[in-house]
Amino acid sequence: MLNGLKNLEYRGYDSAGIAVSENGAIKLYKRQGKLANLENEASLQKVTSNTGIGHTRWATHGIPNETNAHPHISGNVTLVHNGIIENYNELKAFLLDKGVTFNSQTDTEVACAYINYIYEEMKQHFNEENLKLKAILKACSDFRGSYAFGIMFKDEPNTIYATRKDSPLIVGLSDDGNFIASDISAILEYTKRYMLLDYMEIAKISTDTVTVYNEKLETIDKKINEATWSATECKKNGYDHFMLKEINEQPIAIKDVYKRYFENQDENYDKVDFSKYTNINIVACGSAMHASLVGKYLFENYANIPTTVDIASEYRYKKQLLTPTTLVVIVSQSGETADSLAALRISKEKGATTLAIINAVGSTIAREADITIYTHAGPEIAVATTKGYTTQVATFGCLAMNAMKQKNIQTEFNKEKIEFDKIDKILTSVIANIEEYRKIAKYLSDKNDIFFIGRGNDYNMCMEGSLKLKEISYIHSEAYPAGELKHGTISLVEEGTPVIAIATEKELYEKTVSNIKETKARGAFTILISTEEFKDTYTEDFADIALFLPTTTTFNEGIVVVTALQLIAYETAKLRGCDIDKPKNLAKSVTVE
Ligand code: M6R
């Protein structure tokens with residue numbers, strides 16, 4: 001169980017705990033901080049048990065401490081929970097009124113106490129089988145919000161019950177025992193076989209049996225899936241960090257995206273008929289939203305399709321102007337991001353056709369969208385996304401090319417033009433430039449504020465570069481359209497303030513150079529990131545440092561530049577001694593609103 005939790009450490013957490021059944025009793029072990037604190041717990045070394053539930057917590061309700069850590073116990077029930085019970089205050093008031101007491105500040109303890117309350121009530125009135133299943137389902141029908149629960153009962157200590165709504169949960173099957181986990185990567189070392197639970201389904205699990213029930217408590221046959229990811233793919237394999245390993249996996253991952261498209265290996269591309277849609281609405285969070293901005297650029301500039309990009313956390317609270325000819329595209333590496341999932345569901349409810357661009361196979365968004373195109377980047381463990389983002393950009397490139405083809409727009413973008421045969425070598429050479437990135441990182445590592453500027457698609461790259469830098473190095477940075485800086489923000493530029501300018505577009509290059517000069521005139525230390533075709537135009541009077549990357553097609557330029565920016569962020573964070581794979585305060589999968 002501890003090993004499983006360790007495999008999910010990358011998701012970010014602040015405390016950990018397990019509950020095990022031993023000699024007919026349920027024992028609890030919890031620790032604040034890293035999993036190692038729990039592992040070193042002396043009494044834990046002596047445990048012999050084959051049934052238990054474990055959890056790493058990323059605090060939402062109540063500070064990260066031992067009391068708030070999961071599992072929680074209330075009467076007969078011990079439980080771990082991912083998600084948020086939104087009406088916990090209401091339920092807590094109800095339970096307090098009934099004399100129930102609480103130790104923690106969490107919504108989870110309320111869920112635990114509520115299930116226990118319903119179970120005890122039912123026990124007094126009914127004497128039938130399946131009372132625990134009934135109690136869990138009844139309690140869940142009163143919960144608002146999201147949950148994936150692993151539940152044990154004191155009076156049946158060798159059984160685990162599991163159910164979910166909106167938070168991921170899988171049931172792993174093996175000859176040596178059965179598992180529940182929020183992600184297959186937790187248990188890949190033990191099994192590749194797993195079932196996905198749907199809303200209002202509940203699994204009853206023991207070491208040798210798994211029974212899944214629907215809400216009517218009928219047993220149901222679930223499809224058994226075979227994971228395509230291997231346990232080795234989830235290891236560092238000699239790299240210092242997962243982030244570095246994943247950056248290095250990009251040449252192959254990008255080539256594979258193009259290969260699937262050009263060699264017609266993914267029929268889902270042709271399921272999207274762009275001639276039917278008058279507009280596209282892309283919805284995503286964080287880096288996936290940045291990749292979507294590149295998607296917008298490609299759809300509008302090459303396929304002439306008006307495209308909007310919405311931040312998923314804002315989407316459900318705004319008016320969605322969807323028509324029957326709007327294509328809604330949801331982009332998500334994990335396929336489990338709560339806000340992106342909510343956006344998908346609203347769009348479907350409103351009758352739009354939905355397309356999902358997803359990495360994690362079988363994830364909730366992938367299953368619920370009308371059409372899903374997988375990026376197949378493989379497991380991404382580092383919290384900061386790298387190959388997740390670039391494979392999304394490449395997928396948008398393929399979709400834009402297909403849209404041009406379907407709309408009979410003259411396109412020069414064929415296999416040769418996209419440099420299909422060279423893209424892996426180009427990216428490998430970009431990654432090999434490490435000394436250049438170290439030089440820039442050395443300059444950035446002791447700074448407090450950094451600006452990224454660029455125009456057009458270069459600005460989209462700035463946004464991703466800036467996010468990468470701040471999330472792993474903790475240096476404040478901002479991305480600005482180069483021409484916008486002088487409308488206020490340039491007042492923050494002081495002697496030595498680093499300004500990183502991305503300039504790769506022919507039509508915009510000179511304009512961006514003028515904007516770089518404006519910042520240099522105010523004392524900025526300017527770093528130009530451009531492509532080899534502009535090398536001859538470079539003079540030190542506008543850029544203190546210049547980095548020239550291989551010139552490639554617009555479809556790939558974002559991938560090339562962002563790969564360099566990922567490495568600059570990586571080297572900067574390394575110099576600052578940051579926890580690169582698990583930056584503070586962050587979680588890999590944001591399954592709460
Ligand atoms: O799994 P998703 O692609 O839906 O995740 C979206 C964001 O949470 C994610 O891109 C986040 O911004 C990353 N930490 C950025 O590196």
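A salt bridge here is a side-chain nitrogen of Lys or Arg within 4 Å of a carboxyl oxygen of Asp or Glu. You're looking at a predicted model, where local features need pLDDT of at least 70 and side-chain atom pairs count only at pLDDT 80 or more, while totals for chains, interfaces and linings use all residues. Residues are numbered from 1 along each chain as its sequence is written, and side-chain values use heavy atoms, with hydrogens and water left out.

Start by selecting Lys123 and Glu120: their closest N and O atoms sit 3.5 Å apart in a salt bridge. Both belong to helix H5 (residues 107-125), 3 residues apart, so about one helical turn separates them. (Helices, H or I with at least four residues, and strands, E with at least two, are DSSP runs numbered from the N terminus.)

Next, pick Lys132 and Glu156, another salt bridge, with closest N and O atoms 3.2 Å apart. Lys132 is in helix H6 (residues 131-142) and Glu156 in strand E7 (residues 156-165), so this pair ties together parts 24 residues apart in sequence. Are these two buried or exposed? Both are buried (under 20% relative accessible area; exposed is over 50%, partly exposed in between, using a 1.4 Å probe and protein chains only).

Hop over to Arg31 and Glu66, whose side chains meet in a salt bridge at 3.1 Å, N to O. Arg31 is partly exposed, at 25% relative accessibility, and Glu66 is too, at 37%. Across the whole structure, a search turns up 37 salt bridges.
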